[in-house]
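This report describes a ligand site, a set of charged pairs and several secondary-structure elements. Please read it alongside the sequence and the structure shown here.

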Amino acid sequence: MKDDYLKINKDTWNKRSEIHFDSTFYDNESFLKGRNSLNSIELGLLGNLKGKKVLHLQCHFGQDTLSLERLGAEVTGVDFSDVAIEKANQLASKLGSSARFICCDLYRLPEVLEEEFDMVFTSYGTIGWLPDIERWAKVVSLFLRTGGHFVFAEFHPVVWMFSDDFSQIQYRYFNDEPIVEMESSYTDGAENLSSKNVSWNHGLAEVVTALLTSNIQIEQFQEFDYSPYNCFLGTKETPDGKFFIEKMGRKLPMVYAIKGLKK
Ligand SMILES: C[S@@+](CC[C@H](N)C(=O)[O-])C[C@H]1O[C@@H](n2cnc3c(N)ncnc32)[C@H](O)[C@@H]1O
């Protein structure tokens with residue numbers, strides 16, 4: 001199963017990308033009118049992007065990549081879904097953007113891109129699709145110049161321990177077995193989708209250790225009791241647009257964020 005994961009997940013992400021692109025969840029209409037899709041969590045870590053070369057890993061159809069460009073960066077987005085990359089290029093051309101999008105499996109990126117960046121960025125729903133976090137951290141590090149920064153915001157591994165309806169603890173916190181599921185997706189329009197996917201849970205120590213051993217010094221590490229996205233079942237929204245699991249009463253960590261410096 002593990003060997004097939006790329007084919008299985010790519011098929012799912014191609015189907016999801018078609019649906020997501022037209023969803024109100026991603027709301028391309030307001031995005032094209034100028035909305036910046038980045039959230040306060042990552043905005044708080046990015047700093048001044050004017051003139052910075054930024055590599056965005058697992059960029060989906062590029063809203064965040066193009067939002068980084070709107071903040072002044074020269075951007076490259078990478079994703080293994082050809083549908084997502086095609087849609088990203090569509091958005092970019094509608095905006096007259098000079099963003100570059102590359103269709104590639106994250107682990108194979110060093111075979112097709114030979115450049116260093118001032119920043120590598122990746123966020124929300126990324127590393128769970130990757131089996132080997134040490135290898136991921138090596139890719140992040142390889143593309144950073146010395147003194148460059150890694151900015152990462154991700155759903156907290158505690159969230160992924162629960163069943164979809166948060167009624168029970170279903171999965172181990174620690175990474176051992178791949179998790180194989182049939183799922184729809186987190187946006188509107190995906191109600192009739194049931195597609196196979198393979199994912200992995202990665203605990204915080206696994207991630208931090210992989211970054212440290214890849215020469216990325218952790219400068220900031222944050223945890224949050226909310227998600228900026230309404231992408232889970234049974235959420236409640238705060239007046240300022242933060243989502244938490246209602247039956248958990250805001251007791252869970254839902255997101256973490258890291259800023260690291262390439263030594
Ligand atoms: C939940 S999205 C994350 C992006 C961002 N949070 C967003 O909402 O636009 C996950 C992305 O990872 C991509 N992905 C999954 N596995 C990958 C791999 N092995 N290499 C490159 N991209 C991958 C998928 O195609 C998808 O676009």
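Asp11, with a relative accessible area of 38%, counts as partly exposed, a class that lies between buried (under 20% relative accessible area) and exposed (over 50%), computed with a 1.4 Å probe and protein chains only. Lys15 is likewise partly exposed, at 35%. The two residues form a salt bridge in which the closest N and O atoms are 3.1 Å apart; the term denotes a side-chain nitrogen of Lys or Arg within 4 Å of a carboxyl oxygen of Asp or Glu. Both residues belong to helix H1 (residues 5-21), where they are four residues apart, about one turn of the helix. An α-helix has 3.6 residues a turn, so residues three or four places apart point the same way. Helices (H or I, at least four residues) and strands (E, at least two) are DSSP runs, numbered from the N terminus.

## Basis of the model

The model is predicted: local features need pLDDT of at least 70 and side-chain atom pairs count only at pLDDT 80 or more, while totals for chains, interfaces and linings use all residues. Residues are numbered from 1 along each chain as its sequence is written, and side-chain values use heavy atoms, with hydrogens and water left out.

## Further salt bridges

By the salt-bridge rule, the count comes to 12. Side chains of opposite charge can pair when their charged atoms come close. In one of the pairs, the side chains of Glu111 and Arg108 meet with an N to O distance of 2.9 Å. Glu111 is exposed at 56% relative accessibility, whereas Arg108 is partly exposed at 47%.

Asp225 and Arg250 form another salt bridge, at 3.2 Å from N to O. Asp225 lies in the loop between strand E8 (216-224) and strand E9 (235-237), and Arg250 in the loop between strand E10 (243-245) and strand E11 (255-262), so the pair ties together parts that are 25 residues apart in sequence. Both partners are partly exposed, Asp225 at 30% and Arg250 at 32% relative accessible area.

## The ligand site

The ligand is surrounded by 17 residues, of which the closest are Tyr26, His60, Asp79, Asp105 and Tyr124; a residue is near the ligand if one of its heavy atoms lies within 4 Å of it. This shell divides into 10 nonpolar, five polar and two charged residues. Here Ala, Val, Leu, Ile, Met, Phe, Trp, Tyr, Cys and Pro count as nonpolar, Asp, Glu, Lys and Arg as charged, and the others, Gly among them, as polar.

A side-chain N or O atom of Tyr26 is 2.6 Å from an oxygen atom of the ligand. Asp105 places a polar side-chain atom 2.8 Å from a ligand nitrogen, and a backbone N or O atom of Leu106 lies 2.9 Å from a nitrogen atom of the ligand. The protein covers 96% of the 600 Å² of accessible area that the ligand has on its own, as computed by the Shrake-Rupley method with a 1.4 Å probe.

Strand E1 (residues 53-57) pairs with E2 in the parallel sense over five bridges; two strands pair if DSSP finds at least two bridges between them. Lys53 stands opposite Glu74 in E2. Strand E2 (residues 74-79) is mostly covered, with five of its six residues buried.

In helix H7 (residues 133-142), the buried residues include Ile133, Trp136 and Val140. Asp132 caps the N-terminal end of H7, with a side-chain oxygen 3.1 Å from the backbone nitrogen of Glu134.

E11 runs antiparallel to E5, to which seven bridges join it, and Glu154 stands opposite Tyr256 in E11. E8 and E11 also run antiparallel, joined by eight bridges, and Phe221 stands opposite Ile258 in E11.

How values were computed:
A polar contact is a pair of N or O atoms within 3.5 Å; within protein, one must be able to donate a hydrogen and the other to accept it, and residues adjacent in sequence count only if both atoms are side-chain atoms.
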